[in-house]
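Here are my notes for you to read beside the model. Please keep the sequence and the structure open while you go through the points.

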Amino acid sequence: MLGERIRQARLLAGLTQEAVAEALTDAGYPVTKAAVSKYEKNKSTPPAQFLMLAASILDVPNSYFTHQPAVAVNWLAFRRHSALPVK
C-alpha cells in the first residue's frame, strides 16, 4: 500500500524516479533511483525522513503516505447461468 501511494504521488507530480532521487539528494537526503524503485515496489520500507521530504517534494500532505483512504469500493458481480431457462 505504501509503495503504491509513493508511486501515485510521483506520477501525479509528473516526476520520474530519477527526478525524485535527485530532488531528495538536493534536499539533503541522498538516495538513488534504485532505492526509490524498491520503495515503490514494496521491496523495502522507506524511513520516516524519506517520507517527510518526499511529501514536500511531491506536494502532498505528510499524512498521504501514512493514512489509508476512507473510501472503499465494493464490487458487485453476478454470474449468468446459461443453463437456466429464460423464465
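1. In this predicted model, the side chains of R10 and E40 form a salt bridge, with 2.5 Å from N to O. R10 belongs to helix 1 and E40 to helix 3, so the pair ties together parts that are 30 residues apart in sequence. Side chains of opposite charge can pair when their charged atoms come close. The structure holds 1 salt bridge.

2. Are the two partners buried or exposed? The cut-off for buried is under 20% relative accessible area. R10 has 9% relative accessibility, so R10 counts as buried. E40 has a relative accessible area of 10%, so E40 is buried too.

3. The protein has 5 helices and 0 strands. Read from the N terminus, the order of elements is α-α-α-α-α. Of its 87 residues, 29% count as buried. The protein exposes about 6,700 Å², and carbon and sulfur atoms supply 56% of that area. Among contacts between residues at least 6 apart in sequence, 55% join residues at least 24 apart.

4. Helix 4 covers residues 48-57, and its buried residues are F50, L51, A54 and A55. Why do these residues lie on the same side of helix 4? They cover an arc of only 130° around the axis, which puts them on the same side. An α-helix has 3.6 residues a turn, so residues three or four places apart point the same way. The face of helix 4 turned away from the buried side carries the exposed residues A48 and S56.

5. What do the buried residues of helix 4 pack against? Their partners are helix 1 (2-13), helix 2 (17-26), helix 3 (33-40) and helix 5 (63-66). When you look at the model, find F50, L51, A54 and A55 in helix 4, then trace the packing from there to helices 1, 2, 3 and 5.

6. The largest nonpolar core has 18 residues. Which of these touch the most other members? They are V31, Y39, F50, L58, V60 and F65. Helix 1, helix 2, helix 3, helix 4 and helix 5 are the elements that give two or more residues to this core. Helix 4 gives the most, with 4 residues.

7. L58 deserves a separate look, being among the core residues that touch the most other members. Leaving aside residues up to four places away in sequence, L58 touches I6, A9, R10, A13, L15, V20 and F65. One of these contacts is R10, the salt-bridge partner of E40.

8. L15 is in the loop between helix 1 and helix 2. With a relative accessible area of 27%, L15 is partly exposed. L15 and L58 are 43 residues apart in sequence, while their C-alpha atoms are 8.3 Å apart in space. With residues up to four places away again left out, L15 touches R10, V20, I57 and L58.

9. Two residues other than glycine call for a check of the backbone. N42 has a positive phi, near 60°. N42 is found in the loop between helix 3 and helix 4, and its relative accessible area of 44% makes N42 partly exposed. The phi of D59 is likewise positive, near 60°. D59 follows helix 4 and is found in the loop between helix 4 and helix 5. D59 has a relative accessible area of 69%, so D59 is exposed.

10. The last point concerns the surface. Which residues make the nonpolar surface patch of about 440 Å²? V71, V73 and W75 make this patch. V73 is in the segment after helix 5. The cut-off for exposed is over 50% relative accessible area. At 57% relative accessibility, V73 therefore counts as exposed.

Definitions and conventions
Residues numbered from 1 in each chain as written. Predicted model: local features only at pLDDT ≥ 70, side-chain atom pairs only at ≥ 80, totals over all residues. Heavy atoms only, no water. Buried < 20%, exposed > 50% of the residue type's maximum accessible area, 1.4 Å probe, protein only. Arc of directions from axis to C-beta. Contact = heavy atoms within 4.5 Å. Core = buried A, V, L, I, M, F, W, Y, C linked by side-chain atoms within 4.5 Å. Patch = residues over 30% accessible without salt bridge, like charges linked within 9 Å, V, L, I, M, F, W, Y side chains within 5 Å. Areas by Shrake-Rupley, 256 points an atom, 1.4 Å probe, with all protein chains shown as cover. Salt bridge = Lys/Arg side-chain N within 4 Å of Asp/Glu carboxyl O.
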